[in-house]
Amino acid sequence: MDMLTIGAFAKACRLSPKALRLYDELDLLRPARVDPDTGYRYYAAAQLEQARLVAWLRRLGMPLAEIRHVRSLDDGAAAVEIRAYWARVEAETAVRRDLAAFLVDHLTEESRRDTTVNTLELRYRAHSDRGRVRPANQDTAYAGGRLLAVADGFGPAGGPASSAAVEALRFLDTREIPAGGVLNLLEDAVRGAAQAVRDVAGGAEEAGTTLTAALWTGSRLALVHIGDSRAYLLRDGELFRITHDHTVVQSMLDEGRLTPQEAVSHPQRTLLLKALTGAGAAASPDLRLHDARPGDRYLLCSDGLPAVVPDDTVQRLLVTAPTPHEAVDTLIATANEAGGPDNISCVVADVVETAA
């Protein structure tokens, strides 16, 4: 049997040695032989066609889990799977095209003038529900004229931790917010929230909270996010998720190691990569600034909502609810009707024009 070193094999199939080592670990493309003394990998020339197929499918953007499935099929069945995958990609691309148009519009829009500050304001509602399974509610939800916040506590002091994190931001709800330095102001406030969590958790690393909050300046929302609570924007009937989950499963999705279908039932789907905890230094939060438009509707929620209510249902409920009050009540009721396995917290805020 003709054998190739990993370097020669990588050059022949146009996969990097690093990729080949990863595919070996994932049982996607095993070497023909591994030297027992050096651990060096050798590949058979006959494996080149398999490796090229893997390389082509990766160039298509197919996740590794799906490539493993395609490789287990005969040629005809594999072609059917690839055709079905590409149909999904085209459908998802259409959605991403709309999102790209939104982002281009968002990033190129001129900054609001000072004269518009007093013409926009928020109408809001916040509520937190225990759900139908958990014995206690460890979430905290808050909405005021300037501050919106959701925190999802975990561990033995989860409830006090989420409450302390939100309480540490409450001072922002009464002060005038300088538009220029709002993100720095919000980042400093989160450092205070992290200290408050450490104080109530007593140094216990297993206790802590997520935190997703938005600060209203009069024309913009400054968003801070850490953990797996979420923020959404409903604009012109389209729903956009504007936060990124800090979870192990989300990182695996980003790397193509999981499909969205696999992520739903993954045993580590609730394992956080970032949170405010009772021990150690505070993790760095995500920060961003959003220009607001009249008619925008923002939703902040704990993971108890998206865990059981799909985004398309959330979109429909947000579109049809006439007020933030009805939107929050309907979203929580829908999550409870789906089993309510976790605490559910929702904040809905509408951007409305008022008389100058």
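**From charged pairs to the interior**

Glu 66 counts as buried, with a relative accessibility of 16%, because the cut-off for buried is under 20%. The model is predicted. The partner of Glu 66 is Arg 88: the two form a salt bridge, and their closest N and O atoms are 2.7 Å apart.

Another joins the side chains of Arg 123 and Glu 121, at 2.0 Å from N to O. Here Arg 123 is partly exposed, at 39% relative accessible area, and Glu 121 is partly exposed as well, at 30%.

A further salt bridge joins Arg 293 and Asp 236, with 4.0 Å between N and O. Arg 293 sits in the loop between strand 13 (286-291) and strand 14 (297-301), and Asp 236 in the loop between strand 10 (230-235) and strand 11 (238-241), so the contact ties together parts that are 57 residues apart in sequence. Asp 236 is exposed, with a relative accessible area of 71%. Salt bridges also link Asp 24, Arg 30 and Arg 41 in a network.

Strand 13 leads on to strand 9 (residues 220-226), because the two pair in the antiparallel sense, over six bridges. In that pairing, Ala 222 stands opposite Leu 289 of strand 13. Strand 9 also pairs with strand 8 (residues 211-216), again antiparallel and over six bridges. There the bridge partner of Ala 222 is Leu 215. Strands 8 and 9 make a hairpin with three residues between them, and Gly 218 in the turn has a positive phi of about 115 degrees.

How many residues of strand 9 are buried? Seven of its seven are, and the strand is described as mostly covered. Both of its faces are covered. Arg 220, Ala 222, Val 224 and Ile 226 are buried on one side, and Leu 221, Leu 223 and His 225 are buried on the other.

In soluble globular proteins, nonpolar side chains tend to be buried together. In this model the largest nonpolar core has 24 residues, and those with the most contacts inside it are Leu 169, Leu 172, Leu 211, Leu 215 and Leu 276. Strand 6 (147-154), helix 6 (158-167), helix 7 (182-201), strand 8 and strand 9 each give two or more residues to this core. Helix 7 gives the most, with eight residues. A second, separate core has 23 residues, including Ile 6, Ala 10, Leu 57 and Val 89.

The cysteines close the picture. The count of disulfides is zero. For Cys 346, the closest cysteine sulfur is that of Cys 301, and the distance of 5.6 Å is too far for a bond, because a disulfide needs the two sulfur atoms within 2.5 Å. Cys 346 is buried, at 0% relative accessible area. Cys 13 is buried too, at 3%.

Key:
Residues are numbered from 1 along each chain as its sequence is written. This is a predicted model: local features need pLDDT of at least 70, side-chain atom pairs count only at pLDDT 80 or more; totals for chains, interfaces and linings use all residues. Side-chain values use heavy atoms; hydrogens and water are left out. Buried means under 20% relative accessible area, exposed over 50%, partly exposed in between (1.4 Å probe, protein chains only). Helices (H or I, at least four residues) and strands (E, at least two) are DSSP runs, numbered from the N terminus. A nonpolar core is a set of buried Ala, Val, Leu, Ile, Met, Phe, Trp, Tyr and Cys residues joined through side-chain atoms within 4.5 Å.
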